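Have the structure open as you read.

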Amino acid sequence: FSISTYNKMWTDAQKDLDIQLQREREEFLQPEKDRVEAFKMLAASYIKYMQIFRNLETAHDRLVHRQKRMVIRQVLDGVIGRILEIKKEMVELENSEFHYIDNILEDLKLLPEDIEVPIPRYFIKEKLEVLQQREKILDRILLDAGLQTQKPVKAMTFEEAIKMIQVAERARQGRCRAAFMKQIYLEEKRERQTKLQVQMGPSPDAAATCIQKVWRGYIQRKKTEKMRGEEMIFLGMSLPPHSKAMNISQMHAGQVNALEVEVQERHEEVFIKDKLRETEGLDIKETLQDQIGQCFIECRHIIGKFPDYPTEEAGGSMAILSQKTPEQVAAELAARKEMALQKKAQKGKKEQEWKEKTKGKKPQKTGKKVREEEEGWKMAPSNFLSIMEEGNSQYKAVWQNRGEGWDFLQDHDPELIKEEKREEVEEEIRVQVDELMQQKLENLKLAVDGEKSDKQKKGRKSEKVRAAMMSLVRRTTDSLYRELVEEGLLIKAKTVNLSDYVGKYSYLGTTLRQVDIEPMPSLADVRQLIALYGILPLGSQTVHEKAPLVKALLLAGPAGVGKKTLVHAICTETGANLFNLSASNIAGKYPGKNGLQMMLHMVLKVAKQLQPSVVWIGETEKIFSKAAPKAEEMNPKRLEKILPKFLKALKAQDRVLLVGTTNRPFDANLKSFCKVYQKIILIPRPDYASRFGKYFLWKHIILQNGGAITNLLNISCLAKVSDGFTQGHIIQAVQAVLSKLRLLQMTRKPLRTAEFMTSLARQDPVYKEEEETFK
């Protein structure tokens with residue numbers, strides 16, 4: 001693919017977005033009384049935005065032009081946020097987290113893969129160095145604490161090393177001697193042939209014989225080479241040709257990607273900014289000083305005294321240099337203080353009146369729903385439409401009709417960077433000038449009016465406060481991080497991608513709903529929800545702050561369906577820290593109420609400082625269990641009362657997600673349980689309807705564990721027989737069969753279906769009654 005391909009992809013995505021924004025303005029502003037039609041509108045928009053999201057993400061990842069990537073990134077965040085808003089509306093309309101839109105996909109001639117949520121690659125790429133450094137630190141702490149053992153490096157004995165060097169040296173000398181002897185032989189042969197040609201002249205028979213020898217030798221070498229290749233493949237010493245070709249193409253793609261990343265990360269912006277600071281910085285500084293000094297003189301001439309220098313919160317010298325007279329500036333500063341005091345008083349008064357009004361009254365519950373039914377469904381206001389509109393207008397103004405024939409490298413536009421960076425340079429210099437001019441103003445006041453500034457008067461008090469603050473011992477994030485790792489509360493996440501969670505789409509959802517049967521969700525639906533509620537908000541700060549906030553997520557399902565795998569996948573795809581607050585993990589640690597509060601405070605502080613973070617609570621039903629409490633230190637119910645407070649402390653800007661996993665949610669006290677977990681995702685066992693998914697799963701796991709598939713192994717039969725068994729059961733059955741000894745025997749004794757069936761039969765499946773209880 002060339003740069004022009006990705007530019008075209010971006011252009012097409014922007015055209016689709018323009019049409020979609022026009023549709024938003026026309027259709028979604030009108031109330032819709034038919035809820036089915038409203039859902040169809042939402043589903044169609046969801047699918048369209050997902051396609052735009054996919055194209056924009058690919059263009060953002062592949063293009064190397066920094067300004068283009070900035071514009072795409074802005075629109076991309078807006079599209080992701082809008083998808084999450086539409087998802088929220090769909091959930092409220094259907095009262096279900098899972099949606100079945102296979103009929104709409106069929107009408108649009110699309111495949112289920114087209115609505116698979118893509119994971120933006122910039123989540124990891126932008127902070128790769130930080131993540132690699134953090135991983136090294138975590139490994140070092142775990143090694144020092146004895147929680148992780150270093151893989152032993154196989155040492156070579158002195159005799160073995162000498163022998164290896166001898167073998168290599170003898171081989172080298174042998175190759176050199178053979179090359180030398182071959183050269184002598186060829187020279188002698190050439191001399192003999194020259195003499196014969198001179199004496200006898202060229203003979204047609206000799207020439208034909210020579211050609212035959214060369215051709216037969218060439219053909220035989222080709223045959224021998226082919227036979228050797230087949231033998232090496234048969235012995236497992238070499239890869240098949242198709243795999244080798246794929247590997248070469250993957251290597252080439254990897255080299256291209258590495259080159260793209262290198263170009264994307266060139267720090268031309270820093271160079272241009274430094275150049276601007278060097279060439280224009282002095283002029284900007286002098287101009288600002290002259291303007292602010294002139295304002296001081298004018299203000300004293302009109303008011304009769306020098307003004308107070310505006311604080312940094314008020315804008316500093318920006319407030320002085322605004323298009324206002326000195327009297328207006330002074331009056332505005334005084335009015336701001338007065339307004340702040342009035343607002344505070346009004347707030348207290350309103351709260352008191354509200355308490356008096358609502359005392360003894362119960363709030364009305366049905367007002368909103370009744371109004372909705374009368375007026376019809378209407379789309380809620382969006383936080384992301386303005387972001388998309390702004391990005392779209394920027395694209396039209398700057399990039400849509402831009403000629404790019406001159407820009408061969410496609411990495412950056414210096415003039416655009418200068419415009420952006422000039423404002424930053426001015427702001428940096430203004431801050432420096434503010435400090436200088438503030439001191440100058442105090443000196444002027446002292447010299448001309450003989451008065452000290454408020455800051456000088458209160459100096460003694462602020463110094464006392466500062467000394468008191470400095471005396472407090474405040475622990476650093478690094479020390480808290482180390483303690484949490486050593487206590488086993490901050491753990492290393494396994495490297496698992498969301499795509500590794502194999503599962504196919506269910507094509508019977510709409511058909512079953514038409515006959516009033518609620519279908520069980522497919523694993524593809526689960527994967528989609530994990531991406532929407534877990535990965536996308538954690539990966540982007542803008543999306544997390546403005547999208548519908550999901551603080552807690554519950555993954556419920558039988559043992560072995562991959563709940564922990566999904567938790568690790570969230571961490572891998574977003575580069576998040578993983579905190580393990582399972583009841584079994586915190587038992588005996590930080591005893592007492594104060595200890596528990598301190599533990600959660602430490603987790604919260606580190607999670608916020610090193611965000612994104614995932615706080616995982618395994619077997620979470622034990623925290624909310626109906627059983628009688630045990631001893632205080634070992635009591636799993638310790639977290640029950642404090643978890644709501646923990647969630648309350650999380651704000652929209654904190655990319656921290658609480659994830660609970662449970663295989664017995666029905667054992668919990670549902671009132672407090674559902675109060676903590678805002679979103680509940682049911683993960684079912686793979687059923688017979690997803691047999692193709694099971695076929696693929698069996699094949700994938702057998703190959704992953706070193707097995708070879710032959711005609712004696714009937715995978716379709718295994719997929720059918722394993723109906724009712726989870727992915728975990730299949731993995732256990734395969735690993736039990738494919739021991740080291742069995743792998744060695746595989747060349748003589750191929751794998752058979754009965755071996756896996758025997759291993760699978762030793763495990764208990766998920767029974768229908770348990771599945772109904774989950775449902």
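Helix α20 passes α22 in a right-handed crossing. The model is predicted. The points below start with this helix pair, then turn to the sheet and to another helix.

**The α20–α22 pair**
- Helix α20 covers residues 523–539, and its axis lies 10 Å from that of α22.
- The two helices pack at an angle of about 40°, which makes α20 oblique to α22.
- From α20, the contact uses V526, I530, G534, I535, L538 and G539.
- From α22, the residues they meet are L566, I570, E573 and T574.
- By type, the residues of this contact are six nonpolar, three polar and one charged.

**The sheet**
- Six strands form an open sheet with mixed pairing, in the order β1-β3-β4-β5-β2-β6.
- Strands β1 (490–491) and β6 (679–682) are at the edges. Each has a single partner strand, so one side of each has no neighbour in the sheet.
- Strands β2 (residues 552–556) and β5 (residues 656–662) run parallel and are joined by five bridges.
- L553 sits opposite V659 in β5.
- Helix α22 (residues 563–574) packs on the sheet. This helix touches β2, β3 (577–580), β4 (613–618) and β5.
- The direction of α22 makes about 170° with that of β4.

**Helix α8**
- Helix α8 spans residues 204–235, 32 residues in total.
- From first C-alpha to last, α8 reaches 46 Å, close to the 46 Å expected at 1.5 Å a residue.

Key: Residues numbered from 1 in each chain as written. Predicted model: local features only at pLDDT ≥ 70, side-chain atom pairs only at ≥ 80, totals over all residues. Heavy atoms only, no water. Pairing = 2+ DSSP bridges. Helix = DSSP H or I, 4+ residues; strand = E, 2+ residues; numbered from the N terminus. Contact = heavy atoms within 4.5 Å. Axes fitted to C-alpha atoms, helices over the stretch in contact; angles between N-to-C directions. Expected span 1.5 Å × (residues − 1). Parallel < 35°, antiparallel > 145°, perpendicular 65-115°, else oblique. Left-handed = near helix turned anticlockwise from the far one by under 90°. Nonpolar A, V, L, I, M, F, W, Y, C, P; charged D, E, K, R; others polar.
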